[in-house]
Amino acid sequence: MRFSTQTLLLQLGVVLLVVLLSGIVHAWLVYERIGDEAENQALTLARTVAADPDVRADVQAISKEEGTPPPDVLAAGPLQAAAEAARVRTGALFVVITDETGLRLAHPDLARLGERVSTDPSVALAGEEITTRNTGTLGPSAGAKVPVYSPGSTTIVGEVSVGYSVESLTESLVRDIAPIALTAGGALLAGVLASFLLRRRLQRLTLGLEPEEISTLVHDQVAVLQGVDDGVIGIAADGRISVFNAAASRLLDMPDATGRHWSSAAVPEQLKRLTKPAAQDAEAVEIVAGGRVLVASARKAWHRKEDLGWVVMLRDRTELQQLTQQLDAVGTMSTALRAQRHEFANQLHTIAGFMSIGQYDSAKEYLARISATGPLKFPVEQAELLQDPYLQAFIGAKGVEASERGVALRVGPETLVRGHVADPQDVTTVLGNLIDNAVSAAVAGSGDERWVDIELLDEQSHDGGALHIVVADSGDGLGELDPKEVFTEGFTTADRTSRPGAGQGLGLALVRQLARRRGGDVRVLETGTMGGPGAVFMASIPGVMDTDAPGNRDAGATMTEDNDG
């Protein structure tokens with residue numbers, strides 16, 4: 001049996017029990033009220049009869065006589081007539097008059113005259129009034145007993161007992177029970193209807209699931225949501241955030257937002273746009289949040305035809321993005337090295353040719369020129385200012401790429417790098433993005449010359465040195481763009497003629513968050529002018545440089561000289 005059916009039957013049972021108990025209690029209270037009224041009515045009638053002067057005088061006269069008159073005399077006497085008149089007039093079950101010994105002087109059943117009453121008359125004969133409910137010779141009754149005093153004195157000469165039949169009380173109760181029954185029936189009907197409505201609501205709220213199924217779903221949900229690395233955000237149909245797992249909090253770098261309204265939550269606007277009604281079939285998008293590159297997707301959730309809200313999934317692609325950039329850098333350097341290897345092979349062939357024809361002096365002179373310039377020369381002006389091998393290789397490879405696009409890559413004269421790169425990953429991300437954007441801006445510029453200037457300066461500290469990077473280009477600058485706008489997530493200038501390629505939607509936003517996460521920053525120093533020079537970007541990346549000991553630097557310089565020679 002389904003839980004909703006069990007709940008319905010239980011509710012119906014409770015409603016029926018409550019109605020029955022309420023009806024019984026109400027009927028009992030009505031019966032007690034009618035009985036109290038009958039006792040009060042019997043007491044009033046008994047007082048009236050006992051206070052009648054004729055009754056008092058007749059009872060006193062009989063009490064003074066020796067013995068009790070025979071039943072036929074009592075039946076024809078005035079006391080019997082007075083008692084019967086009162087009984088008939090009021091509808092009482094009986095009106096009984098006794099002497100001071102409790103012998104009946106008046107009774108509805110003439111055969112009982114002269115006999116002792118069936119109930120104890122001692123309380124009334126002692127001078128007290130009493131109401132009773134007992135069973136006598138005429139059946140169960142509710143009545144009263146009142147003492148009869150002799151005329152002009154306080155001497156008790158008898159008592160008057162009046163009773164109303166319990167059957168008449170029951171008849172009154174039956175007459176009054178109809179409203180009680182109607183009320184109970186209405187309450188029962190209302191309870192049944194409420195139970196059915198509650199059953200339907202319960203089924204709708206639980207989606208027709210049994211308690212065991214709900215418990216299993218809750219356990220599974222907790223296990224899945226807390227056990228996955230992907231961020232999961234659930235938005236209910238009313239716009240409240242119902243699920244916000246630990247991975248989502250970590251990826252977005254924000255506290256748990258469960259219970260908050262989605263529209264006011266401190267999540268990126270791009271996520272909110274994914275849950276617009278028109279975005280039900282929107283593709284996944286890449287966003288930058290919390291210093292990470294995230295792939296976000298949103299799906300509408302339905303159960304049968306009921307709208308359950310939205311489910312937003314977040315996947316971390318930061319490491320993949322950084323690895324891709326590193327691979328691009330390695331690919332760039334590999335391409336440059338292949339070109340230089342071909343150049344080096346040509347130089348060896350030239351030397352071999354001089355030697356084969358006996359031109360030893362020419363070969364020696366050629367070798368001297370190679371020793372002066374180095375066997376491998378990247379197309380980067382003033383590259384000799386770079387002492388770090390990684391920066392030499394990376395910027396040299398970028399110089400090859402820039403040269404292929406007709407852009408001269410130059411190292412500025414203020415460059416001074418005394419340490420070596422300790423974190424190539426972050427340096428590759430920041431420096432590579434800034435150079436790529438500058439080269440693209442130079443290519444799109446309207447000036448006659450195309451160049452990109454780079455200046456690097458390291459700052460030494462006990463907890464790791466910082467690398468400061470300044471990149472300028474010959475492009476047309478940012479134009480009317482707000483410098484803050486180029487760091488907006490998703491911003492790109494690919495469709496702008498003034499500076500196409502200045503951003504790819506994620507590059508600048510990512511490098512700024514990366515730098516700020518380390519305690520640095522990336523900002524625009526100059527916005528540039530049309531026709532050149534273009535924009536100037538500056539980046540500060542703390543903790544990416546290590547200081548070389550003097551011996552290490554000398555060894556590195558010697559190795560460089562050996563390679564050049």
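Predicted model: local features only at pLDDT ≥ 70, side-chain atom pairs only at ≥ 80, totals over all residues.
View 1. Valine 14 has its place in helix α1, which covers residues 3-51. Because its relative accessibility is 44%, valine 14 counts as partly exposed, a class that lies between buried, under 20%, and exposed, over 50%.

**View 2. An open sheet of five strands.** Read across the sheet, the order of the strands is β2-β1-β5-β4-β3, and the pairing is antiparallel. The edge strands are β2, residues 104-106, and β3, residues 130-136, each of which pairs on one side only. From one strand to the next, the twist averages 35°. Two helices pack on this sheet: helix α2, residues 53-64, touches β1, β2, β4 and β5, and its direction makes about 120° with that of β5, while helix α4, residues 78-90, touches β1, β2 and β5, and its direction makes about 155° with that of β1.

**View 3. The pairing of β3 with β4.** Strand β4 consists of residues 139-149, and seven bridges join it to β3, the two strands running antiparallel. To follow the pairing in the structure, a reader can look for asparagine 134, which stands opposite serine 141 in β4.

**View 4. Strand β1 and its two neighbours in the sheet.** Strand β1 is mostly covered, since six of its six residues are buried. In a regular strand, the side chains alternate between the two faces of the sheet. In β1, Phe94, Val96 and Thr98 point one way and Val95, Ile97 and Asp99 point the other way, and all of these residues are buried. Six bridges join β1 to β5 in an antiparallel arrangement, and phenylalanine 94 can be found opposite glycine 163 in β5. With β2, strand β1 pairs in the antiparallel sense over two bridges, and here the bridge partner of threonine 98 is arginine 104 in β2. The hairpin formed by β1 and β2 has four residues between the strands, and glycine 102 in this hairpin takes a positive phi near 90°.

**View 5. Helix α14 and the glycine just after it.** Helix α14, residues 507-517, is largely enclosed by the rest of the structure, because eight of its eleven residues are buried. The buried residues of α14 are Gly507, Leu508, Ala509, Leu510, Val511, Arg512, Leu514 and Ala515. Just after the helix comes glycine 519, which takes a positive phi of about 95°.

**View 6. The surroundings of methionine 538.** Methionine 538 lies in strand β17, which covers residues 536-546. Its relative accessibility is 16%, and so methionine 538 counts as buried, the cut-off being under 20%. When residues up to four places away in sequence are not counted, methionine 538 touches His468, Ile469, Val470, Asp521, Val522, Arg523 and Leu525. Methionine 538 can also be compared with glutamate 455, for these two residues are 83 residues apart in sequence and 9.5 Å apart in space, C-alpha to C-alpha.

Notes. Residues numbered from 1 in each chain as written. Heavy atoms only, no water. Pairing = 2+ DSSP bridges. Axes fitted to C-alpha atoms, helices over the stretch in contact; angles between N-to-C directions. Contact = heavy atoms within 4.5 Å. Buried < 20%, exposed > 50% of the residue type's maximum accessible area, 1.4 Å probe, protein only.
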